[in-house]
Amino acid sequence: MSSAASGTLGAPAIRADLLSDTVTRPGFAMREAMATAIVGDDVFGEDPTLRELEERVAELLGHEAGLFTPSGSMANQLGVRLHVRPGEELIGDSLAHVLRAELGAAAVLSGISSRTWVSERGRFRAADAASLMITGVGPYQVCTALLIVENTHNFGGGTVQSLDEIRRARELTREHRVAMHLDGARLWNAHVATGVPLADYGREFDTVSVCLSKGLGAPVGSVLVGGADAIAEARIWRKRFGGGMRQAGILAAAGLWALEHHIDRLSVDHARARRAAEAMAEASPGSVDLATVETNIVIVDVGAAGWAAPEFVAEALTRGVRSYAISPRLVRLVWHLDVDDEATDHAIDVLTSLLARGAAGLGR
Ligand SMILES: *Cc1c(COP(=O)(O)O)cnc(C)c1O
């Protein structure tokens, strides 16, 4: 409804915006919480609402302290910065957001090199990390200083990571004195999908980043959590990176509201994603592997129905469904707060008919 109203002249009205869970717009109650927030200058440590948010998130994740950042990328890059010295390396899977979607920030901002392993849909296995981890090789080879885990895994399709594998990696990294950072942009989804307490995931890592602006629906912001000393250092680096903010309690109020009201309801997004995935799998066998639909993200293999992903995305858009081509044959669909049952029904109609018809069916 609000999406349609924002459609510009000549552009199709969007009825189901599955582009990303970042497209949500804050509702009235969240805006009211923002409008009435008590604020101060956070660079001087004087914003009580921001402090409350940082403490709340740290507590939820089983850590001592938290730091609000304008983006998840900044939270990740501060985490990386804390653990890796220039010339050392971080390791992670080749689909990780830190390695694929932060525009080389670890190299550009911190002089850090990276090595990757190839995963199956982002699924984390301690053995993959073990195969790359190398320490104590003195002045000859690059030393591994940090292991990155992403949960849920974005480009992997909302993949939930196994706590056992994470714990296995923790033992290994402890031996090698390698730090672990969790890119938990969608950790909320993993928590809701599995029932594993957030702190059980959080405690296995030296630092954790979480996004408030994805499924939780806040307009801006992420939080980095860790030990008190680490976060004090991150606060210095945040200012150095240009991320010191003033009356950011306005934004923190949205985050606090989201923590209160938008975590449990993620299960509704998961159910809608599954319903759509089942419909597509039935309409076009081979398009969706239902075993891979674990949270709010569905990856569709439109190539199996003869489509090139960008063409499929364009055709769906003319019918009011926005999606994202993540590779030449894969399309990503993301459910969130602003996609209700009616929008899901519309998306199912459009996507299943495009898939069933195949690219040839358009008569082009
Ligand atoms: C969105 C996202 C981030 C952070 O993105 P920003 O756009 O910088 O807020 C980090 N990691 C993952 C896995 C994400 O999906």
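## An exposed arginine

Arg 177 is exposed, with 78% of relative accessible area. In this predicted model, Arg 177 sits in the loop that joins H8 to strand S6 (179-184). Its backbone deserves a look too: Arg 177 is not a glycine, yet its phi is positive, at about 55 degrees.

## Other backbone features to look at

Most residues other than glycine have a negative phi, and most peptide bonds are trans. With that in mind, turn to Leu 103, another non-glycine residue with a positive phi of about 55 degrees. You will find Leu 103 in the loop between helix H5 (97-100) and helix H6 (105-110). Leu 103 counts as exposed because its relative accessibility is 78%, and the cut-off for exposed is over 50%.

There is also a cis peptide bond, running from Asn 151 to Thr 152, with omega near -5 degrees. Thr 152 belongs to the loop between strand S5 (144-150) and helix H8 (163-176).

## Around the ligand

Now for the polar side-chain atoms. One from Asp 183 lies 2.6 Å from a ligand nitrogen atom. Lys 214 places one 2.8 Å from an oxygen atom of the ligand, and Asn 154 has one 3.0 Å from a ligand oxygen atom. On its own the ligand has 380 Å² of accessible area, and the protein covers 83% of that.

Conventions. Residues are numbered from 1 along each chain as its sequence is written. This is a predicted model: local features need pLDDT of at least 70, side-chain atom pairs count only at pLDDT 80 or more; totals for chains, interfaces and linings use all residues. Side-chain values use heavy atoms; hydrogens and water are left out. A polar contact is a pair of N or O atoms within 3.5 Å; within protein, one must be able to donate a hydrogen and the other to accept it, and residues adjacent in sequence count only if both atoms are side-chain atoms. Accessible areas come from the Shrake-Rupley method with a 1.4 Å probe; for residues, only the protein chains shown count as cover. Helices (H or I, at least four residues) and strands (E, at least two) are DSSP runs, numbered from the N terminus. Buried means under 20% relative accessible area, exposed over 50%, partly exposed in between (1.4 Å probe, protein chains only).
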